[in-house]
Amino acid sequence: MTGTVIKSTGSWYLVREHGTGVLHRCRLRGKFKQKGLKVSNPLAVGDQVEFTVEEQTEGAGVIHHIEPRRNYIIRRSVHKTEHAHIVAANLDQALLVVTLVSPATSFGFIDRFLVTAEAYSIPVTLIFNKTDLYDDDLSGYQDQISTMYERTGYSSLRCSAASGEGLEAVDALLDGKVTLLSGHSGVGKSTLINALVPDLDLKTAEISEFSDKGVHTTTFAEMLEVRAGTYLIDTPGIKELGLVDIPPAQLAHFFPEMRALLNQCRYHNCQHVHEPGCVVREAVDKGRIALPRYDSYLSMLAGQDNRH
C-alpha cells in the first residue's frame, strides 16, 4: 500500500493511505539513510511511502520504502549539531508568517528561509500577520518591506487572524496545494490555522490520539487537511534556521537579485565582499540591491547566528 506521512512522533508515523484516506499508525523497518545527507529524521511529513499492515500488530503498519523527494525544507538539527532536520517534503509552496511587532521577525531569519526554499525551488509568500497591532508608522514600514521583497520576486500578504483581514486571500493561496506554514514562535501560526480551518478539532482528534501513543515532541511537523485536495503543514516555531548544504561559493545563486548579476563580476570566483570590479556591491551602492538583503548575505557567508 502507498500513502503520505502526515505526522511523526520520532518513532511512530501516521500515514494517510492513498485512495481511501484511511490513517495507519506505522513504524519504519530498519534504518534508512538518505544518500549524502546526515539527517536526524529519516522520514518527514509529506514523504510518500510504501507500507504493509501486519495483522499481528493490531493494524499497525511497517514502512519499507520511501519515494524520492521532489523537494524539502531543511534546517540544522537542534539536538545533533552535525546533522540536519528535514522540516517537510514534497511541497507545492511555503508561507512564511512574519510579524513586525510582538515579536519582531528579523531580516536574517526571513532571508535564511527564502534561501533554503530557493535552493529547492519552493515558491514562498510572506504573510505579514498581526496587522491589527499596526499604527500608521508600522503600516508604512511594512509597505516598504513588502516592496523590497516584491522587487526581488517574493509576493506578500497582510493578514490578521484576530480581525480577519487577509484570511480569504491566504485561503485562496492554499487551494489545491500542499503548503508549508512556518515562522518564529509567537507569530500567530496556530491562531491563523484555527481561523483557516475552523473544524480543526474534529480533524485532529484522531491525530491527537495517535500522538499520545508515542513519545510526543514538538519538533515535528503535522499535515492538516483544509479541504479535499488542500493540505497545510503546520510546523513548530523555529528559533533559528541554520543553512545546510549550501557552499559559500554558491550562496549568491539563491538571492534572485544577485543571481541576475552573476558572471558579470571581474573575477569568476567573486564572493561579493571586498573584491574589485564586483557588480553586486556596485548594485548595493546604487540601491538596486537592498542593503538588508546584502547584510543577510554577508551574515550567512560568515556563518553567523540569525536569531536577532
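The model before you is a predicted one, and it holds eleven salt bridges. Side chains of opposite charge can pair when their charged atoms come close. I shall discuss some of these bridges individually.

Let me begin with Arg70 and Asp92, whose side chains meet in a salt bridge at 2.9 Å, N to O. What does this pair tie together? Arg70 sits in the loop between β5 (61-66) and β6 (72-76), while Asp92 belongs to the loop between β7 (84-89) and β8 (93-98), so the bridge joins parts that are 22 residues apart in sequence. The relative accessible area of Arg70 is 53%, and because the threshold for exposed is over 50%, Arg70 is classed as exposed. Asp92, with a relative accessible area of 28%, is partly exposed.

The next bridge involves two helices. Arg259 pairs with Glu118, and their closest N and O atoms are 3.2 Å apart. Since Arg259 lies in helix α6 (residues 256-259) and Glu118 in helix α1 (residues 107-119), the pair ties together parts that are 141 residues apart in sequence. For Arg259 the relative accessible area is 37%, which is partly exposed.

I turn now to Asp175 and Arg227, which form a salt bridge with closest N and O atoms 3.0 Å apart. Asp175 is found in the loop between α3 (167-174) and β11 (178-182), and Arg227 in strand β12 (residues 222-227), so this bridge links parts 52 residues apart in sequence. Both partners are partly exposed: Asp175 has a relative accessible area of 46%, and Arg227 one of 28%.

Salt bridges also form a network here, which links Asp111, Glu257 and Arg293.

How do the axes of α1 and α2 cross? The axes of α1 and helix α2 (residues 136-152) come within 13 Å and cross at roughly 30°. That angle makes α1 roughly parallel to α2, because angles under 35 degrees are counted in that class. The crossing of α1 past α2 is right-handed.

Which residues meet there? From α1 come Phe107, Ile110, Asp111 and Leu114, and from α2 come Tyr141, Ile145, Met148 and Tyr149. By class, this contact has seven nonpolar residues, no polar residues and one charged residue.

Technical notes. Residues numbered from 1 in each chain as written. Predicted model: local features only at pLDDT ≥ 70, side-chain atom pairs only at ≥ 80, totals over all residues. Heavy atoms only, no water. Salt bridge = Lys/Arg side-chain N within 4 Å of Asp/Glu carboxyl O. Helix = DSSP H or I, 4+ residues; strand = E, 2+ residues; numbered from the N terminus. Buried < 20%, exposed > 50% of the residue type's maximum accessible area, 1.4 Å probe, protein only. Axes fitted to C-alpha atoms, helices over the stretch in contact; angles between N-to-C directions. Parallel < 35°, antiparallel > 145°, perpendicular 65-115°, else oblique. Left-handed = near helix turned anticlockwise from the far one by under 90°. Contact = heavy atoms within 4.5 Å. Nonpolar A, V, L, I, M, F, W, Y, C, P; charged D, E, K, R; others polar.
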